[in-house]
Amino acid sequence: MIRRLFVLVLLIIIGYFLGTAMASIPFGAEKVDVGPYRSVGNYYVDNTVQETGGVNAVTSIVVLYRGFDTLGEVTVLFLAATGLAAILALTRERRKLKKEKPSLIMRVGTDYLFPAAIVLGSYVFLHGHLTPGGGFPGGVIIASGFLMLFLAQWRYKVDELGLKIIESLAGMTYVTIGLIGLFKLGTFLGNFLGKGTPGALLSAGIIPVIYIVIGIKVGSEMTGLLQNLRETTENE
Amino acid sequence: MMKLLYFIGCFSGGALLAFLLGSFSPLLKKFITFLAVILGAVLFATMGTSTYQLSLLFGNQVIFGIDTLTQFMVWMTLGIAFIVSLVLWSHSELSPTFFALFLLNVLGTVLIFMSRDIVSFFFSWELMSWTAFGMILSDGWEKKRSAAVKYFMWSAAGAYMVLIGFSILFAATSAIRFENIVMSVGRVSHGWLITAIAFLVAGFGVKAAMMPFHVWAPDAYSESPHPFTGFFSGILSKTGVYGIFIAFFYLAARLEAVPMLRVHGTSIFGYIMVWIGAITAFGASLIAVHQEYGKKLLAWSSVSQLGYIIFAFGIADSLGMTGALSHALAHALFKALLFTILAGVIMRTGTDHMASLGGLIKRMPLSFIFAVVGGLALAGIPMTIGFTSKWIIYEAGINGGYIFPTTLIFAASTAAFLYYYRFVYSIFLGPLHEEHQNVKEVPATYWISYILLAIPIFYFGLYPGKLVGIISTILQSYNLPALTTYTATSVTTPLGTFNGMVVGLGFGAALIVGLIVYFIGGRVRKAASQTDKYLAGEVVTNEFELHYSVDFYRFLERKLSWLLKISAQKFYEFIGELIRFVADINRKMFFCGNGQAYLYYMTIVLTILILSIWRIKP
Amino acid sequence: MAPFVLYLSLALAILMIVGAIVVVVTKDLLVAVIASAVVDLVLAILFYILQAPDVAITQAAIGAGLTTAIFVVVLRKTERFEDD
Amino acid sequence: MVSPILLIAIPLFMAFSVPIWGLISKKLPKLVPFFTFAITTAILVSLLPTLFSGQQGFNLTSVTIAGIKPPYGINLTFGPASAFFALIIQLVALAASLYLFEYEPPEPAEKFYMLFILVVLGATGMVLTGDIFNMFVFLEITSISSYALTAINKTGHSAEAGFKYLLLGSLGSTLFLLGIALLYGSLRTLNMAQLSLYIHQGHLDPKVLMAVVVLFIVGLGVEAELLPLNGWVPDAYEAAPIPVVSILSGVVAKAGLYALARVLYTIIGIETGVLNLLLIFGILTLLSGELSALRQKDIRRLLAYSSIGQMGLIILALGGGNSPMAMVGGLFQAFNHAIAKGLMFLALGIMAAGFNKWDMESLAGVGKAKPYTTFLFTIGLLSTLGLPLFSGFWSKFLIIFGLVHSGQVVYAALALIGSVIEVVYFARLLGYLYGKDPSEELLNSTLESKKGFALLGMTFLAAFVILIGVYPDFITNFILGGTAELVYKSFYISSILGGI
Amino acid sequence: MSEAIKTFFSPSVLGPEIFYGSSVALFLIGLYMVLVKKNLVKIAIGLTFIESGVNLFLISIGYVWGKTAPILNKTLMMGTPSKEVVDPVPQALVLTAIVIGVAVTAMALSIVIVIHDKYGTLNISKIKELKW
């Protein structure tokens, strides 16, 4: 009890501290430029169409202005999948598949929902530069389709080697796109494709390409991750 | 510049070669070591007095220089190193690492004497320290662990005190060269200057085995590889002496800029050193008297003799300085001789436990004779260098009016007689042990080295003026008071004149008369066998430990037991226990193993930081 | 932001906090996971209210969906109830 | 087209490509880390000359990504400090990757190699990036791969250690993110040069500034092994595979250290009094680490605690930044510590190879059973102790001199007390390694001659230790440049943003 | 009193209260769970809460009253879009942060599985074989 009280005291201090620090940033205020340089947000919004051809400012930022972060982000997700597979690798062998039939609803529903999930996911990452969404949610939606498959059919197993290779190739493609930018334009991840008409599907240069790559990569990674997790669970 | 590099290269290259090639052939490692020392000496002889600069750190010039003091110290070092390398010819069992480290150690020691700035000095100092540790380590370690760890810990502590002292001087003067520090030392605030010098003297005092920093010395000396011990105790301790000289008399100019309480014509600082020196000399020789092992005995004797030097440094007038420096040489010579003799005895008999030895005069007469020579020098008998230096030190004490410390020093000399007598008697005299019946005399390398060491011992004993002349040149070059009235055989001090030749020859004559009497009278005496003793009517057998050298001075021990109970060792053990306690608490608290506790610590630290910065907030 | 939306978001925020407290209080880890999914979903709606549709979609898909799935799978593997 | 970006792009490409190599041959993935790091080291070395042109004697290049100039785009800064830390990371990684040649990693091996490349990549990214959020992303790459690598042995211990690391690390990086959010909210920028400029010009509310300082120190302190945040260190070092441990101490900790230094020196600025915090953290970390090592029996844990102590010394030196000397010493020490500890851990791995006992008693006498490895270990040990002829001497010397020079005599003295403790336990360790006769089990363990490549890598590190120990000017120019880059903010700002 | 309530419910006060307040609250609840709960799964949930709190805060600082999402339609493209839409940068950052968060969670949970396998418990205070 004393411990909890102590924790509460600590939390109150930290909370008060964070509150005061946050309060100095006015909520909902106009984002004016602070110093001699333009605020990055304003700069991006004003220049995204001219510079990148993407109309979704967030996507332009994610893929181009801060594309390096996204490369890192992809790497983090890749790491999560790899690390999880590495950590759970040995424990998997001792487990046996459990033979239990999922409900009929599940199985039938999945038959219809799985293609829908794949299509939806692809749509989300293909239109990332136009509408909200993008490679990450798209990839996860595809993975969720596989999750449904896993739930509906206990025996279902995605070919692991295939997943691995897709994942690798997608990652390598991403880096290669960056390197092509480096060799063509002199900057890594440079937008070496045409900008196209803002708002069209085939526009915004490498953004859709990268989002496709990310979508495929995230989809395969998350599928692999879920599969790895699933296989460790089936002994109970 | 090039000569210095050759000199350094000679030793470090030799070390590398000895290390790499030594495992192929034992002859090679000995030969390389021997050659490197000789080559180094030749190179040093050609270097003369000059200054060398090396660009090492940030393109800054690191200065090495040679002046008269350097020459004095370096020749002493190289001389003893030569003796050791000579003796090492009979020691193939030592590992190549030992030979390599020995060369590096000699290099470090020489560079200490040559360095003229903080960086090179500290570099050489640490080099000398750790290579000595490495040598103890290279030679089988099972039972020497505590001694070696103790040595390493103390020498690190000493080196770090030196480092702090130097860095304060650097921070205060922004200079790393000694000459620049000396120039601007007047501008340093007195508090900082005293702090710096106190750190320096304490740090060097560790190496010079000054009480209360002496606890490592007896163990380390006695556990170091036997041929090396002479160098260890004779020369490495002198680096501490040299450091005190540099710090106190050169860098701080005897703290004369600082108005301090003056006692007996010296500063309070010097006065403290006088007392420390006297207590070290007396206390250590009392302990030496009770040692059972030869190396331990000589080790404590080293501590005691170094006390003389500190004592004389504290007096800091012309007599004191001369006495200190001449005793530095004297101690190096006779301690190297005694340790080498002991190394020979250990090589032949395998032990330095004095109760297991005895009667070796019959098997190793040469060793005995030189042990007597070394002992004469140790006890300060005329005709030897020990007399010269000790005499000057006594005179310094008397002349300065330090009644009590000088009394202690006199008493220490008496004790030196006692332990020296025990040393020679238990090892060489008395009945011969049966297992030592077939012991041979030491090999040629040994007795050659004995002779080489004995020559200067007698030379400077008979011609004290020569020694005083060298030292007074050194002292004058450092603008320190020096004895200027001397001829080759005599030295005139404020208290009078003594003529080394006359006193020495007179004593020599008396000695010869004594010997004649001994041989005439001794013929009647019949030697008893080892077990020719009776205990309550029972015949004593070999298994029975009733040797005359067991508890040789038990009566003394009984009388002085109250004094011997005062032990710095116990205090340090208490400190060590305390640190271990704190360490365990720290370990069990911060690394308790519970992940959540770590998160707690994180949150607490966050809170503490928050609370502490709220104060700063405007 | 219209006042209505503001009040709605207040309600949502309260719902979110309540959900979080449920997570703290409950001993049934499955309930906790579901409640945390609710929190994540509400968070996605708040993101949407704050004019961040991209983030809202991602939060819904990843935060509420994927994370919850992983949690549920882990619960099946380990144990469902918290022992004190 | 040699650009610093390749230091990140190539390892990333190689990490993704490991499974493809695995398809060709099962043996091939083993070589991938080495070739990756060989290439990146070559690139780094070929880039070094560009650092030392220009009027100040050193030079900072800003590399834009996607062609958008800073402050609007993410940029990499390739200055002396970044390059220096990148060099440390690459050297340790290269040696560790050579160790992998004869090392059987925990299954699945491919994943191990990927993670291994990625942790180095993340650390390199952290030291090269010029954008604070990008630093967060790379911090996460580094730390997540470290968690995975710590737990990869799949034993209970490794999982436990990994979880502790993960708890501290993820909470820490979230706090770091919160700090970034506060900075962004106030200044509307993420570029470090611009942040630095704005803070310097006083655009930031002091309240927020202080909050950011607190959050950054606590957030980055986890990787930099600051005192109460370093509970994971001994556990992770004990439970992780040996090459990973050398990476943890030589790469991850150094990247955390760099991040801390960069953030506090360049962004926050030392005029705000953060140096006092660093001094206090540094001395507490140092003393706690050294004290904990004092009675340690397990050599890995002993080295871990010693590592903590060394990191404390470096932090302490960074706290003495009023005097450039201490700062130089600190960076120098970072280099020496990375190299020496990397060397020691790798050597320890060979000493216990095929034997797998790590306490002093079991490894006693290894100096006779595996002389060359133990010799290399001793070199690292002596360098850590700061003894001459080894590189550690110069850095320790500079740190103490610098600390006293900047007026912190008490801290210097306390640091030296810590060093004396260090001497005690290392001397004891040496006593065990050389003093006793090796046990049967030790003599029958894997021979060191079967570890030729690993020994090659370690010899390479040891050569650095001795080379710099004998002739420190080999590297001091570099360190001076690095110190200048960290301390002189205006130089950093103007190099990235152009004239102010 | 009613005045106080009115101020409380006025948009300019309520906005930060809701969004900053709930982000701090999420952060603190998460921290509380991490510090007090013994169960590893609960601790992992706590970590996600902390992250969600920070994410919410990040999005909140990008919000501007009355502006729209940063997706530019034809009309917006013409003028100065920065006057019309909210700050997109925090959104991009949060996208990254969410993905990183799920990665950390996945990693944590995989370790939890191994721990449960080896130690048979999820109680963090029982998992301390490595210590001192």
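Which chains have the most contacts between them, among the eight pairs that touch? Select chains A and D: that pair comes out on top. A contact here means two residues whose C-beta atoms, placed from the backbone, lie within 7 Å.

Before going on, some housekeeping. This is a predicted model, in which local features need pLDDT of at least 70 and side-chain atom pairs count only at pLDDT 80 or more, while totals for chains, interfaces and linings use all residues. Residues are numbered from 1 along each chain as its sequence is written, and chains are lettered from A and ligands numbered from 1 in the order in which they are written.

**Stop 1: where A meets D**

Stay with that pair. On the A side 49 residues are in contact with 56 residues of chain D. Now colour α1 (2–23), α2 (40–52), α3 (57–65), α4 (67–93) and α7 (160–185) of chain A, each of which supplies at least two residues to the side that touches chain D. Helices (H or I, at least four residues) and strands (E, at least two) are DSSP runs, numbered from the N terminus. The largest share of this side of chain A, 17 residues, comes from α4(A). By class, the side of chain A that touches chain D has 27 nonpolar, 17 polar and five charged residues. For those classes, Ala, Val, Leu, Ile, Met, Phe, Trp, Tyr, Cys and Pro count as nonpolar, Asp, Glu, Lys and Arg as charged, and the others, Gly among them, as polar.

**Stop 2: chain C**

No contact joins chain C and chain D either, with the closest C-alpha atoms 15 Å apart.

You'll see three helices and zero strands, and its C-alpha atoms fill a box of roughly 45 × 25 × 10 Å along the principal axes. Of its 84 residues, 55% are buried. Buried means that 20 or more other C-beta atoms lie within 10 Å of a residue's own; exposed means 12 or fewer, partly exposed is in between, and C-beta atoms are placed from the backbone.

**Stop 3: the largest nonpolar core**

Bring all the chains back. A nonpolar core is a set of buried Ala, Val, Leu, Ile, Met, Phe, Trp, Tyr and Cys residues joined through C-beta atoms within 7 Å. The largest one has 635 residues, and those with the most contacts inside it are D:Leu343, E:Ala103 and E:Met107. Helix α5 (residues 89–119) of chain E gives the most to this core, with 21 residues. Domain 1 (261–566) and domain 2 (568–616) of chain B both give residues to the core, so it lies between them; the domain bounds come from an automatic or database domain assignment.

Zoom in on D:Leu343. Leaving aside neighbours within four places in sequence, its contacts are D:Leu376, D:Ile379, D:Gly380, D:Met458, D:Leu461, D:Ala462 and D:Val465.

**Stop 4**

Select α12 (residues 299–319) of chain D. At 1.5 Å a residue, its 21 residues should span 30 Å, and its end C-alpha atoms are 30 Å apart, which agrees; the expected span is 1.5 Å times one less than the number of residues. 21 of the 21 residues of α12(D) are buried, so this helix is largely enclosed by the rest of the structure.

Then jump to D:Ala255 in helix α10 (residues 242–268) of chain D. D:Ala255 is buried, with 30 other C-beta atoms within 10 Å. D:Val127 is 128 residues away from D:Ala255 in sequence, yet 6.2 Å away in space, C-alpha to C-alpha.

**Stop 5**

Where are the cis peptide bonds to look at? One runs from B:Met211 to B:Pro212, with omega near 5°, and another from D:Pro70 to D:Pro71, with omega near 10°. B:Pro212 sits in the loop between α8 (190–207) and α9 (216–223) of chain B, and D:Pro71 in the loop between β1 (61–64) and β2 (75–78) of chain D.

Finish at D:Arg188, which has a positive phi of about 55° although it is not a glycine. D:Arg188 is buried, with 27 other C-beta atoms within 10 Å.
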